[in-house]
Amino acid sequence: MDTDSLFTICLTDIPLNTPAIEPIYICGNFNDWQTDDGNYKMKLDEQGIYHVEIKKIASVAIEFKFTRGSWDTVECDWDGKDLPNHILSISEESVCFFTKVLAWKDIVDTNDKINPGVSIFEHNYFIPQLNRHRRIWMYLPPDYRENISGYYPVLYMQDGQNLFQWGVSSTNGKWNIDHTLNRLYTRGMKGLIVIGIDNGGKDRINEYSPWVNPKQGGGEGKSYLAFITDTLKPAIDSNFRTSPDRDNTAIMGSSMGGLVSLYAVLARQDVFSKAGIFSPSLWFSDEIYSFAAQTSRQQDIKIALLGGDMESDTMMNDLLALYNTLKDSGYGENELHFDFYKDGIHHESFWEREFGHAILWLFGNEDVQVDDEDMLLIKLLKNGENKLYFSNPYSCSAKICLVNSYGKVVWQHETSAAKQNFVLPALFNGNMIAKVELKNGKYLFRKITL
């Protein structure tokens, strides 16, 4: 086949209920509408995009549909109704075409509809700093289209293909942030725009660290950050009603995405004033600690740190080391939010659960009521005396301990109260770890300075 005459059809989005073990085919007037033609079985790349090459047909429009191997499994609309054929009139300049499947005829799920606030900003956005292309997602708050005079803060997030409920099926799971943000909006949270940047698959590790790990790679994080700040952000600010100042710009990610988000907020404090750092891969390079110390605190900033006991043997110590480094670099107690959960695992389900709490703290919406059960809190209230505020939504007792820097328990208390303030002895001073352990197995840690 003459490769110069090939045209690529890309399938960027499929229903979440698509069976992972079944292939997807394209059929049309180029193969006599054979629904399981092996020559037109779609290939899945590292970015979650299905693609297939077909030969251009001179002077004839291409018509096609997607199936999973038979007409019983053909694509359809969200209500199970048949769709007209896709029709393409291909010019000499045509190279590729992007489309999506809404639903499959045999497994229609009326609950699997795209959230009206979620869209693809660009399927194949060019990254000039890395000479690559990437899909960019966008979430707009529910009142964006009606509130034409409103301007909104923006959150930039990594691993875009794992963020929203609807989209390409992810083997890792979903954060479902569109559902969380919509729910919080109904409870009074101010609107927020989210920009999700797909990871680069095989290039993910390289892009998500500015430092090189001898065994893992890395080293492209600086260029990736420049893409966000110098290319993508100006485009978003130019095309949408954003509040572009640093006070209204945040960044967030998990794992390696957490590492690059941490690097971003430290390196570009002129751009970002907030960051959500979930389960960061601090093990990747010790240089993150020296970088934090070298950059120090230059402006007001808020950083939410999250980790879990079931992630790794080092997660707790790594996060504490980061917390202490940030404190020593000038960040105040009110600028650092540190949650650590016994049941926290290195997975999207954990990050989904804690996303809403981090967002409310980062964007100053603490008065908004969260309707899920995981609002276990402990924080220090300083107004002339050291008061420890404790909130427990579970119907079980809790044990609270304060541990000094030498690992000694200096104060402890058991309580069954849902909310309680504790007045701490005046002789307490210095850095402490507040540990809360519930009878139901949950616990958290919070670093406080008395």
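Here are legends for a handful of close-up views of this predicted model.

**View 1. Arg 132 and the residues around it.**
We start in strand β11, which runs over residues 132-139 and includes Arg 132. Is Arg 132 buried or exposed? With 17% relative accessibility, Arg 132 falls under the 20% cut-off, so it counts as buried. Its side chain makes a polar contact with the side chain of Glu 220, at 2.8 Å. Leaving aside residues up to four places away in sequence, Arg 132 touches Tyr 125, Phe 126, Ile 127, Asp 203, Glu 207 and Glu 220.

**View 2. Tyr 125 and Phe 227, one of the aromatic pairs.**
The count of aromatic pairs comes to 20. Among them is the one between Tyr 125 and Phe 227, with 5.9 Å from centre to centre and 55° between the planes, which makes a tilted pair. This pair links distant parts of the chain: Tyr 125 belongs to strand β10 (residues 118-127) and Phe 227 to helix α3 (residues 221-239), 102 residues apart. Tyr 125 counts as buried at 15% relative accessibility, and Phe 227 is buried too, with a relative accessible area of 0%.

**View 3. Trp 175 on Phe 278.**
How are the rings of Trp 175 and Phe 278 arranged? They form a stacked pair, 5.6 Å centre to centre, with 5° between the planes. Here again the pair links distant parts of the chain, 103 residues apart: Trp 175 is in the loop between β12 (154-157) and α1 (177-186), while Phe 278 is in strand β17 (residues 274-278). Trp 175 and Phe 278 are both buried.

**View 4. Charges over rings.**
Which ring does the charged end of Lys 302 sit over? That of Trp 361, at 4.5 Å from the ring centre. Arg 353, for its part, lies over the face of Tyr 341, with 5.0 Å to the ring centre.

β2 pairs with strand β5 (residues 62-67) in the antiparallel sense, over 4 bridges. And who is across from Ile 26? Its bridge partner in β5 is Phe 66.

How values were computed. Residues are numbered from 1 along each chain as its sequence is written. This is a predicted model: local features need pLDDT of at least 70, side-chain atom pairs count only at pLDDT 80 or more; totals for chains, interfaces and linings use all residues. Side-chain values use heavy atoms; hydrogens and water are left out. Helices (H or I, at least four residues) and strands (E, at least two) are DSSP runs, numbered from the N terminus. Buried means under 20% relative accessible area, exposed over 50%, partly exposed in between (1.4 Å probe, protein chains only). A polar contact is a pair of N or O atoms within 3.5 Å; within protein, one must be able to donate a hydrogen and the other to accept it, and residues adjacent in sequence count only if both atoms are side-chain atoms. Contact means heavy atoms within 4.5 Å. Rings of Phe, Tyr and Trp (its six-membered ring) pair if their centres lie within 6.5 Å; planes under 30 degrees apart count as stacked, over 60 as edge-to-face and the rest as tilted. A charge sits over a ring if NZ of Lys or CZ of Arg is within 6 Å of the ring centre and within 35 degrees of the ring normal. Two strands pair if DSSP finds at least two bridges between them.
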